[in-house]
Amino acid sequence: MQLQRLWLRDFRSYASAELTFAPGLTALLGANGEGKTNVMEAIGYLATLSSFRGVPNEALVRRGCATAVVRAEGERDGRQLLIEAEITTSGRGRVQVNKQRLARARDLLGALRVSVFSPDDLELVKGGPAERRRYLDDTLVSRQPKLDAVRSDLDRVLRQRNALLRQAGGRVTAEIDATLAVWDAKLVEAGEALGDARAALVDDLAPVLSAAYDQVAGRAAHVRLGYLAPWREAGLARALEDVRADELRRGISLVGPHRDELVVTLDDMPARTHASQGEQRSVALALRLAAHRVVTEATGSPPILLLDDVFSELDPDRSAALLAHLPPSQTVLSSAAGLPQGAEPELVLRVAGGTVAAADPGLS
Amino acid sequence: MTVYAGPVQDLIDELGRLPGVGPKSAQRIAFHLLKLPKDDALRLANAIAVVKDRVTFCHTCFNISEGERCGICGDPRRDTHVVCVVEEPRDIVAVEKTGEFKGRYHVLQGAISPIEGIGPDQLRVKELLARLEPEGIDEVILCTNPNIEGEATAMYLGRLLKPLGLKVTRIASGLPVGGDLEYADELTLGRALEGRRELD
């Protein structure tokens with residue numbers, strides 16, 4: 001979707017705000033803590049129904065308020081689209097598209113897609129495996145929204161299965177055994193579906209990633225991706241049998257997509273441990289760029305690029321390289337330190353004290 | 001949260017324990033009850049008391065019942081060979097509205113959910129097994145909810161009942177009648193395709 005206008009009510013620091021976006025590049029400028037990221041987060045919310053900062057939805061509602069509203073108007077396949085999402089501190093939020101309420105909020109996924117770049121992306125490379133699993137799953141859902149159901153099914157099955165393993169306390173009665181067999185079957189069903197989808201995604205990302213790294217870092221290097229899921233060889237059912245005793249002893253599910261690892265190597269060494277800080281930054285940018293391209297390729301239209309304060313962390317060479325290689329699509333960029341060199345926004349918005357105002361693009 | 005005078009706060013707390021009632025709604029209902037004429041309020045209190053006194057669960061199928069046997073189990077026109085297994089008594093009402101089912105029911109009183117501490121032993125599974133022979137049941141329809149817990153329960157029961165030589169069926173999941181294909185969500189449409197059947 002091409003985003004044209006955005007309204008916020010009681011969202012984060014905003015009591016009420018209205019913003020307009022350019023078809024190409026829009027820049028949000030303002031000092032730190034004025035609410036630039038909040039705008040990005042609101043756009044991101046409409047894409048995933050969660051915050052890209054990884055906080056619970058309650059945190060998005062302005063302090064002292066019970067509900068927040070994010071409304072966006074834009075164009076998709078030649079049609080005007082009005083998306084309205086209500087976020088509540090208690091209970092489920094509601095979503096309307098063109099004034100029609102969606103039966104399930106999840107049905108919104110895919111209407112508006114985003115690719116977010118943020119300074120936290122470094123964690124993709126430096127952080128634990130959970131960060132990289134989330135990266136894969138977010139990209140999967142962006143590419144194919146129905147996989148969100150598989151992902152949440154797996155979550156639910158794991159919670160139920162872990163509860164059962166804990167209750168068993170190491171002892172297997174006939175009842176525990178029969179019930180566990182059912183949860184095993186459910187875990188195999190959801191787990192293999194997600195594992196297969198992730199492996200296929202990694203195959204698609206790998207060639208794109210290397211090219212993206214070369215562009216961002218300005219030098220050719222071998223960046224490789226490996227999806228480590230040892231259970232996929234013999235199948236999840238078999239792998240579960242093998243760890244049964246261990247699982248019962250520890251009261252937790254030990255194999256499945258929730259324990260898999262996405263390994264990124266730079267010139268055949270693990271990027272997490274062997275790359276320099278600058279190289280890690282380039283790898284993180286390349287991972288985001290690669291995901292953006294893969295999603296664009298699969299869906300036929302590029303997601304909105306949200307560049308949240310990324311340039312503050314990059315040296316001028318990398319900034320210029322990133323700007324030069326961003327695919328042409330609607331982009332929203334935020335910066336506390338003025339515009340990065342080479343950025344030519346069609347629209348500049350100044351953010352200060354919970355308000356947003358259009359500014360002359362010439363002044364920055 | 002503001003604390004009101006003792007009895008009022010007690011009422012709000014009690015209402016807040018009801019399913020689907022949050023603190024705000026509990027407060028609203030409590031103040032509505034306070035404004036109500038005494039007779040109206042007592043009628044509600046009485047209705048609750050009478051229900052707890054008189055209504056119990058059917059000893060056969062665990063549907064809600066005014067006596068030992070519910071109306072459906074006591075109805076001689078019902079087909080005794082087929083039993084429809086549901087999670088809650090309210091599911092019986094839903095199936096009854098279809099008018100398509102002439103057999104009897106069995107209410108599990110929940111679904112397998114280890115998070116809530118519910119396993120087969122907490123459900124009316126043994127009671128279902130005990131009914132099979134005496135009632136001459138030869139088909140069991142598993143009519144639990146199409147969510148993770150309901151599917152797991154159906155799978156558990158299926159594995160338990162199949163070896164006994166019964167016909168075990170699971171209700172189909174699919175498209176709402178009178179709807180348009182283009183508005184169906186992918187998940188439901190996918191399931192409907194999976195469960196397609198040949199035209200006869």
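## Domains of chain B

Chain B splits into domain 1 (6–54) and domain 2 (77–198), with bounds from an automatic or database domain assignment. The C-alpha centres of domain 1 and domain 2 of chain B are 34 Å apart.

This is a predicted model, where local features need pLDDT of at least 70, side-chain atom pairs count only at pLDDT 80 or more, and totals for chains, interfaces and linings use all residues. Residues are numbered from 1 along each chain as its sequence is written, chains are lettered from A and ligands numbered from 1 in the order written, and side-chain values use heavy atoms, without hydrogens and water.

## Helices α3 and α4 of chain A

Helix α3 (residues 129–143) and helix α4 (residues 147–168) of chain A have axes that come within 8 Å and cross at roughly 140°. That makes α3(A) oblique to α4(A) (under 35 degrees is roughly parallel, over 145 roughly antiparallel, 65 to 115 roughly perpendicular, the rest oblique). Axes are lines fitted to C-alpha atoms, for helices over the stretch in contact, and angles run from 0 to 180 degrees between N-to-C directions.

From α3(A), Arg134(A), Asp137(A), Asp138(A), Leu140(A) and Val141(A) meet Leu147(A), Asp148(A) and Arg151(A) of α4(A); contact means heavy atoms within 4.5 Å.

## The sheet of chain A

Three strands form an open sheet in chain A, ordered β9-β10-β11 with antiparallel pairing. Strands are DSSP E runs of at least two residues, helices H or I runs of at least four, numbered from the N terminus. Pairing needs at least two DSSP bridges. β9 (223–228) and β11 (269–270) of chain A each have a single partner strand, so one side of each lacks a neighbour in the sheet.

Strand β10 (residues 261–266) of chain A pairs with β11(A) over 2 bridges. Leu266(A) has Met269(A) as its bridge partner in β11(A).
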